[in-house]
Amino acid sequence: MSTIIIAVVVLSVLALVFGALLGFASVRFKVEGNPIVDQINDVLPQTQCGQCGYPGCKPYAEAIAGGEKINKCPPGGEGTIQSLADLLGVEPEPLDAEHGAEKAVPTVAYIREDECIGCTKCIQACPVDAILGAAKQMHTVIVDECTGCDLCVEPCPVDCIDMIPVGVDRNNWYWQAPKTGAALIATDRQPSASTLVAEEHV
Amino acid sequence: MTHLIQLHEFDGGIHPPENKLQSTGRGIKKPPMPNELVLPIHQHIGAPADPVVAVGDTVLKGQTIAQPHGYVSAPLHAPTSGTVIAIEDRVVPHASGLTELSIVIKPDRQDSWIEHQSLCAELGLDDCDDIPADALIARIRDCGIAGMGGAGFPTAVKLNTGKYTIDTLILNGAECEPYITADDMLMRERAVGIIRGAQILLQILKAERCLIGVEDNKPEAIAALEAALLELHEEHHIDVVTIPTKYPSGGEKQLIQILTGKEVPSGGIPAQVGIVCQNVGTALAIAEAVDEGKPLISRITTVTGDTIVDKGNWDVLLGTPVSHLLKASGYQAPGKRKIFSNKKPTRIIMGGPMMGFALPTTELPVVKTTNCILAPTNKELPANDIAMACIRCGMCADACPADLLPQQLYWFSKAEELDKAEQHNLFDCIECGACSYVCPSEIPLVQYYRHSKGAIREERATYQKAEQARERFEARIARQEREQAEKDAKRKARAEAAAKAQEAKKSAAPTNSAADKASISTSTVQAATNSADLEKLQKQLTGAQAALVKTKEKLEAAQNDPDQADKVALFEGALAKTQDKIKKIAIDMAAAKKAAKTSTTEAGVSDKGDPNSPERLKKKWDTAHARLETASKRLTEAQEQGLDTVELLTQGLEKQKARVEEAKAAYEAVSSSTKNSSVAEVSTDDLNKENANDELNRKIRAQQDRVAKANERLEMAKAEGLDTVDALTKAHTKQLEKLAGLEAQLTPAGEA
């Protein structure tokens with residue numbers, strides 16, 4: 001009987017000691033904020049386009065941290081989904097088409113300044129303050145700040161905003177990866193349609 | 001005498017066929033003047049220059065045509081005199097094959113120089129060794145000198161070593177890449193200029209020594225440099241160091257390692273280890289800029305390859321089209337020969353076979369970094385487009401001069417695992433091409449690395465941009481929140497102000513009403529006091545009147561009683577006094593009544609706006625009535641007491657009656673207009689009463705007249721001592737009685 005009592009007492013004391021230790025640690029080493037949210041936010045492209053259904057990249061990052069799907073970011077595309085999957089240790093999923101398709105080339109907004117009526121609607125829509133102008137004054141886009149989120153296109157009452165692909169100049173040009181060498185292994189497999197098209201272009 | 005220099009070795013490196021002899025057979029020649037010179041504004045590393053000439057401008061040789069844009073940039077000068085015929089986008093000699101803004105000059109073939117002089121003469125110094133380093137660097141910058149070894153980094157920027165102390169200047173004359181002999185020929189022919197450039201560089205950097213590294217396959221160049229050293233008496237400061245021939249010993253970091261044994265840290269610059277390295281061509285350009293004032297407008301370019309007849313070096317004006325140079329060299333396109341017609345056209349390579357790039361067209365200008373135009377036959381330099389699988393032989397790792405693992409980098413690059421490639425120090429790769437050269441599978445390794453570097457840079461730029469976008473987005477959100485908060489605060493403040501105003505109004509209204517009340521109360525108090533005064537006065541009046549009556553009685557008694565005859569005068573004085581008192585009281589009363597009236601009217605005005613409302617009129621009428629009553633009462637009293645105020649009172653009564661009539665008429669007018677039956681009834685009742693009163697009053701007046709007449713007659717009779725006095729006294733008494741009866745009738749009528 002005394003053995004049982006000793007065992008119970010010892011276990012209780014141990015439980016109390018470890019409980020106190022854990023309690024102290026949780027207070028002493030408390031982490032402010034949610035670090036995973038910042039990590040997710042770093043991976044997201046920060047276009048602030050809202051195509052994911054959240055009002056910006058940070059809210060989507062918070063939602064992902066809360067269990068939201070990772071395939072709702074068209075500007076980031078497959079690359080972002082892969083990065084998120086690696087970060088969170090989940091399976092990458094194909095991009096959810098419901099939220100839009102990934103752009104083939106990055107674009108920036110361009111205002112046809114002759115047609116601009118100076119309504120400031122696009123200025124209000126721009127999430128990164130990349131449009132310059134004032135009421136009844138012509139507006140223009142600060143190209144370096146534009147994230148190509150398309151949000152200014154919809155509100156324009158005169159449809160004078162174009163999304164134009166970012167041009168290649170010496171600042172952003174870089175060598176293309178070399179084409180992999182000729183197919184050395186003979187095959188009787190029919191080339192797929194896309195390969196044929198690609199070859200035609202070449 | 002040269003110092004004994006302990007040479008070091010770098011790992012790796014290769015020994016490709018040199019192929020240099022073909023182009024050293026003849027001296028440097030000048031090609032004929034081309035028809036146009038195309039000068040891209042971006043011939044250096046850094047920001048493109050800004051054109052300062054317009055189309056149609058005439059320019060002189062050496063005139064500045066574009067100014068540097070920012071610190072890391074270089075100006076551009078007209079290579080010959082002529083006219084600017086265009087400033088437009090032209091294809092530039094760059095691996096990308098992109099177009100860029102270029103200034104096109106049509107030479108006038110006069111080749112007339114702009115005014116230029118040595119910096120020494122410009123500053124007016126006697127000893128040219130006294131020129132301050134800043135002035136020298138400024139001159140180098142103004143002359144548009146950019147590294148002529150191939151990279152094109154602005155020399156002035158490189159010479160601004162800032163915090164680093166430089167002990168060694170290294171001039172790079174290694175020229176390790178096959179085929180190229182531009183520096184070799186330059187050293188052979190212009191060694192004095194190079195040594196002069198070294199002197200200027202030493203003056204700028206205040207370095208202890210200068211080493212000129214030349215590969216041992218250029219004995220003529222070494223000899224020329226030694227001769228120049230002797231000529232300029234610099235053999236004790238400047239050493240020409242012969243280094244073994246090995247590719248890529250001409251790489252900046254590799255040459256530094258060979259000559260000093262120091263390794264430039266990864267991602268660092270040579271200044272960090274106290275060394276500045278310059279190409280021999282750059283040194284010559286510096287010497288010309290400082291000593292003659294000539295900007296960088298030409299350079300030595302090797303034109304070689306098996307398709308070239310006249311292989312050799314050319315002193316080429318910048319902007320000269322490659323096609324012009326090829327034509328001058330007797331270039332024969334092999335495609336024109338029947339035997340090669342079924343083959344691919346040969347490539348024209350700018351730079352050497354290891355690090356150069358194939359030109360998309362020959363209509364491209366020679367720029368500041370163009371050290372070689374290589375036009376090989378396909379047999380001579382076969383195009384490599386069949387890359388085989390990597391067999392992991394490891395030869396690339398042996399050949400790498402930067403001690404990298406090319407094979408790993410290749411795998412990572414191919415798999416686009418950029419972060420891993422970066423971790424394997426991809427950015428320390430100097431892209432020398434040694435790995436590709438040794439690769440048995442002929443994999444274009446360098447192209448993979450270049451691609452990966454570009455992709456990583458792009459990723460960094462994207463990340464940078466994303467960070468910027470995030471910051472701007474957060475700033476915007478913060479701003480919007482702040483604005484909202486401000487708006488809310490304003491709204492709240494406004495609401496509070498409004499509430500306060502409301503409250504103030506409310507509290508003011510009670511105070512106002514209180515004040516009103518107070519005023520009313522004061523007026524009522526006043527009225528009350530007035531009425532109290534009135535009552536008091538009335539009492540006094542009654543008291544005085546009673547006293548008067550008593551005094552009169554006493555007087556009569558005294559007059560009748562001879563005993564009291566001495567008291568008559570006393571009584572008469574008392575009577576007069578009492579009468580005075582009564583008069584005074586009456587005046588006071590009148591004043592008090594007036595005050596009361598005004599106060600009540602004031603109160604009435606403050607209470608109600610409309611003075612013509614029936615109620616008010618009614619009140620007026622009532623008060624008039626009340627007054628009439630009191631007036632008639634007093635008249636009765638006066639008549640009873642036989643006072644001399646009777647007449648006054650009668651007049652007052654008349655006035656009062658007139659007022660009553662007036663009030664009545666006004667009231668009736670209003671009440672008839674309102675058609676209030678009850679009011680009408682009341683008015684008719686009142687009217688009847690009034691009529692009765694009028695009747696009585698008239699009778700009273702008539703009676704009063706009679707009384708007065710009787711009184712007169714009585715007095716006359718008394719005065720004349722007539723015997724009719726008794727009869728008259730009786731008649732007078734009768735008349736008085738009648739008057740009293742009438743008044744008695746009037747009083748109840750008035751009261752009713």
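In what order do the elements of chain A run from the N terminus on? In this predicted model, local features need pLDDT of at least 70 and side-chain atom pairs count only at pLDDT 80 or more, whereas totals for chains, interfaces and linings use all residues. Residues are numbered from 1 along each chain as its sequence is written, and chains are lettered from A and ligands numbered from 1 in the order in which they are written.

Starting at the N terminus, the elements of chain A follow the order α-α-α-α-β-α-β-β-β-α. Chain A thus contains six helices and four strands; helices (H or I, at least four residues) and strands (E, at least two) are DSSP runs, numbered from the N terminus. Of its 202 residues, 24% are buried; a residue is buried if 20 or more other C-beta atoms lie within 10 Å of its own, exposed if 12 or fewer, and partly exposed in between, with C-beta atoms placed from the backbone. Two residues are in contact if their C-beta atoms, placed from the backbone, lie within 7 Å. Among the contacts in chain A between residues at least 6 apart in sequence, 58% join residues at least 24 apart.

Ile40(A) belongs to helix H2 (residues 35-43) of chain A. This residue counts as buried because it has 25 C-beta neighbours inside 10 Å. Leaving aside neighbours within four places in sequence, Ile40(A) makes contact with Ala61(A), Ile64(A), Ala65(A), Leu84(A) and Leu87(A). The C-alpha atoms of Ile40(A) and Glu62(A) are separated by 8.1 Å, with the two residues 22 apart along the chain.

Between the chains, 24 residues of chain A are in contact with 25 residues of chain B. On the side of chain B that touches chain A, helix H14 (residues 445-560) of chain B gives the most, with 15 residues. The residues of that side comprise 11 nonpolar, seven polar and seven charged, where Ala, Val, Leu, Ile, Met, Phe, Trp, Tyr, Cys and Pro count as nonpolar, Asp, Glu, Lys and Arg as charged, and the others, Gly among them, as polar.

Within chain B, an open sheet of four strands has the order E1-E7-E6-E3, with antiparallel pairing; two strands pair if DSSP finds at least two bridges between them. Strands E1 (37-40) and E3 (58-59) of chain B stand at the edges with a single partner strand each, so one side of each is left without a neighbour in the sheet. E1(B) is joined by four bridges to the antiparallel strand E7 (residues 99-107) of chain B, where Ile105(B) is the bridge partner of Leu37(B).

Strand E12 (residues 298-304) of chain B contains Thr304(B), and seven of the seven residues of E12(B) are buried. On one side of the strand lie Ser298(B), Ile300(B), Thr302(B) and Thr304(B), and on the other Arg299(B), Thr301(B) and Val303(B), so that both faces are covered. Six bridges connect E12(B) with the antiparallel strand E13 (residues 312-317) of chain B, in which Asp315(B) is the bridge partner of Ile300(B). Pairing with strand E16 (residues 372-374) of chain B is parallel and involves three bridges, with Leu374(B) as the bridge partner of Thr304(B). Thr304(B) itself is buried, with 28 other C-beta atoms within 10 Å. Not counting residues up to four places away in sequence, the residues that Thr304(B) touches include Gln22(B), Ser23(B), Tyr179(B) and Cys372(B). Gln22(B) is 282 residues from Thr304(B) in sequence, yet their C-alpha atoms are 7.4 Å apart.

Helix H6 (residues 219-231) of chain B has 13 residues, which at 1.5 Å a residue should span 18 Å, and its end C-alpha atoms are 18 Å apart, in agreement; the expected span is 1.5 Å times one less than the number of residues. Its buried residues are Ala221(B), Ile222(B), Ala224(B), Leu225(B), Ala228(B) and Leu229(B). Seen down the axis of H6(B), these residues fall within an arc of 165 degrees, so they line one face of the helix; the arc is that of the directions from the helix axis to the C-beta atoms. The face turned away from the buried side carries the exposed residues Pro219(B), Leu230(B) and Glu231(B). Among the elements covering the buried residues of H6(B) are strand E8 (168-173) and helix H5 (191-205) of chain B. In H5(B), 12 of the 15 residues are buried.
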